[in-house]
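Me: I have a structure open and want to learn how to read it. Can we go feature by feature?

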Amino acid sequence: EGFEPLPTDTVRDLVGKGMVNLLTRALKLCGAPTRDDAAMAVMLQRYQHHYAAVLGRETVAYDGVMDALAQLHAEGYKLAVVTNKATRFVRPHLELAGMQHYFASVVGGDDASAKKPDAAPLLLAAQQLGVAPGRLLMVGDSANDIDAARAAGCPALAVPYGYTEGRPVQS
């Protein structure tokens, strides 16, 4: 669109409520004029094309995550990914990260009736895993995750790293 790229740290703080939200907020920060729905749809399609082309190139698991997944999986825990990431990108991203085999359920941003912080994605994951929502532990990195867990009646554990939309999860 001819705008200067936003710094990586700025973009990182925009991640958390799906691609449309990310694109809308990034355009606003760039000083772009408001776009109509048709123009936004074209831009979203372009963004998704570029996203797919670079998917997984810079993905690195946080320290201890792979060991924790392996241990939990070995102990028989049913694990799920619940993300606002567009569904078509979730499984390929997990495969590129080498962790797809740990997850019995994968819920992307297009799979439930609403995205986190709504309860719907966690309720869908609980249904897919065959557990009551109160028996599902949400391990998350943002307020979206904690709010979704609260809405679904799930206990939650917050990690101090990840995509926080610029708002520390501890807050």
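Reply: Start with contact, which means heavy atoms within 4.5 Å. This is a predicted model, where local features need pLDDT of at least 70, side-chain atom pairs count only at pLDDT 80 or more, and totals for chains, interfaces and linings use all residues. Residues are numbered from 1 along each chain as its sequence is written, and side-chain values use heavy atoms, with hydrogens and water left out.

Me: Which residues does histidine 93 touch, not counting residues up to four places away in sequence?

Reply: Histidine 93 touches Tyr51, Leu55, Gly56, Thr59 and Lys85. Its place is in helix α5, residues 87–96. Helices are DSSP runs (H or I, at least four residues), numbered from the N terminus.

Me: Is histidine 93 buried or exposed?

Reply: Buried means under 20% relative accessible area, exposed over 50%, and partly exposed in between (1.4 Å probe, protein chains only). Histidine 93 has 17%, so it is buried. Glutamine 48, in helix α3 (residues 37–54), is buried too, at 14%.

Me: How do I describe the packing of two helices?

Reply: Use the angle between their axes and the distance between the axes. Axes are lines fitted to C-alpha atoms, for helices over the stretch in contact, and angles run from 0 to 180 degrees between N-to-C directions. Here α3 and α5 pack at about 10 degrees, with axes 11 Å apart. That makes α3 roughly parallel to α5, a label for angles under 35 degrees. Gln48, Tyr51 and Ala52 in α3 meet Arg88, Phe89 and His93 in α5.

Me: How do I describe a pair of aromatic rings?

Reply: Give the distance of the centres and the angle of the planes. Rings of Phe, Tyr and Trp (its six-membered ring) pair if their centres lie within 6.5 Å; planes under 30 degrees apart count as stacked, over 60 as edge-to-face and the rest as tilted. The count here is three aromatic pairs. Tyrosine 51 and phenylalanine 89 have centres 4.9 Å apart and planes at 75 degrees, so this pair is edge-to-face. Tyrosine 51 lies in α3 and phenylalanine 89 in α5, so the pair ties together parts 38 residues apart in sequence. Ring pairs link Tyr47, Tyr51 and Phe89 into a cluster.

Me: What is a nonpolar core?

Reply: It is a set of buried Ala, Val, Leu, Ile, Met, Phe, Trp, Tyr and Cys residues joined through side-chain atoms within 4.5 Å. The largest one here has 16 residues, including Val82 and Leu122. Helix α6 (120–129) is one of the elements giving two or more residues to this core. A second, separate core of eleven residues includes Leu23, Leu55, Ala86 and Phe89.

Methods. Parallel < 35°, antiparallel > 145°, perpendicular 65-115°, else oblique.
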